[in-house]
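Me: I have a structure open and would like to learn how to read it. Could you take me through the features one at a time?

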Amino acid sequence: MKKLSAKIQDDDADDWKPAPVPDTSSLAALAKAARSCTACHLYKRATQSVFGEGPKRARLILLGEQPGDQEDLAGKPFVGPAGKLLDRALEEAGINRDEVYVTNTVKHFKWEPRGKRRIHQKPNSREIAACRPWLEAELRLVRPKLLVCLGATAAQSIFGPSFRVTRERGKVLESEIAPRVLATVHPSSLLRQPDEESRQREYAHFVADLRAALKASR
Ligand code: SF4
């Protein structure tokens with residue numbers, strides 16, 4: 001596992017440019033190109049980039065924040081605990097995960113060490129801006145009927161920092177980057193609920209949002 005001093009991270013955090021996206025109609029070519037992206041400093045500490053996955057003609061794109069610890073190691077989006085919960089909720093909502101395209105706002109895992117653990121850190125606006133061309137390219141190629149933002153980072157990257165998921169969740173909204181967008185919570189927020197009752201309540205609300213997304217994508 002790579003180690004960087006805090007000094008190097010701070011210096012590098014301001015050093016970014018828009019990701020260099022190749023002119024291609026192939027999602028596989030995009031994913032391959034993202035593997036060598038150095039547009040912001042996040043590539044230095046991550047194991048690998050984690051690009052979106054799913055069919056090119058998916059009606060739904062699910063957009064998370066960034067890969068987590070397990071996604072970083074596997075090179076695949078939503079394979080950790082939150083991904084497993086997402087799979088369960090998708091199935092309950094009547095959505096086949098194999099038919100949706102799943103990706104993240106930022107393609108490299110941002111983390112800080114705590115003992116032997118790698119703790120998730122929220123990507124900042126510069127990192128999100130640097131990574132934006134990858135998302136724009138995914139949207140251009142897949143052209144989904146609906147973009148579903150999972151959590152505040154994804155939703156605010158689309159609608160701006162004043163957007164509140166709690167206020168707008170479950171509604172179909174317009175955006176500059178995608179004509180139809182629906183925001184809901186990130187499945188990891190369900191894992192952080194303090195007790196079983198709130199976990200069940202929030203999970204049911206999440207499934208209801210996914211059902212609304214399915215309906216809006218038809
Ligand atoms: S996070 Fe995005 S912009 Fe930054 S290096 Fe990774 S792929 Fe490139």
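Reply: Start at the ligand: helix H5 (residues 125-142) contributes the most to the shell around the ligand, with three residues. Helices (H or I, at least four residues) and strands (E, at least two) are DSSP runs, numbered from the N terminus. This is a predicted model, in which local features need pLDDT of at least 70, side-chain atom pairs count only at pLDDT 80 or more, and totals for chains, interfaces and linings use all residues. Residues are numbered from 1 along each chain as its sequence is written.

Me: Which residues come nearest to the ligand?

Reply: A residue is near a molecule or strand if its C-beta atom, placed from the backbone, lies within 6 Å of it. Of the 15 residues around the ligand here, the nearest are Cys 37, Ala 39, Cys 40, His 108 and Cys 131.

Me: How many residues of each class does the shell have?

Reply: Ala, Val, Leu, Ile, Met, Phe, Trp, Tyr, Cys and Pro count as nonpolar, Asp, Glu, Lys and Arg as charged, and the others, Gly among them, as polar. The shell around the ligand has 10 nonpolar, three polar and two charged residues.

Me: Now the strands. Is S1 mostly covered or exposed?

Reply: A residue is buried if 20 or more other C-beta atoms lie within 10 Å of its own, exposed if 12 or fewer, and partly exposed in between, with C-beta atoms placed from the backbone. Strand S1 (residues 60-64) is mostly covered, as five of its five residues are buried. Leu 60, Leu 62 and Gly 64 point one way, while Ile 61 and Leu 63 point the other way.

Me: Which strands pair with S1?

Reply: Two strands pair if DSSP finds at least two bridges between them. S1 pairs in the parallel sense with strand S5 (residues 146-150) over four bridges, and Leu 60 has Leu 146 as its bridge partner there. Four bridges also join S1 to strand S2 (residues 101-104), again parallel, with Gly 64 opposite Asn 104.

Me: What does S7 pair with?

Reply: S7 is parallel to S5, over four bridges, and antiparallel to strand S6 (residues 172-173), over two bridges. Val 181 in S7 is the bridge partner of Leu 147 and stands opposite Leu 173.

Me: Against which elements do the buried residues of H6 pack?

Reply: Two residues are in contact if their C-beta atoms, placed from the backbone, lie within 7 Å. The buried residues of helix H6 (residues 152-159) are Thr 153, Ala 154, Ala 155, Ser 157 and Phe 159. They pack against S1, H5, S5, helix H7 (165-168) and strand S7 (181-184). Gly 160 follows H6, with a positive phi near 100°.
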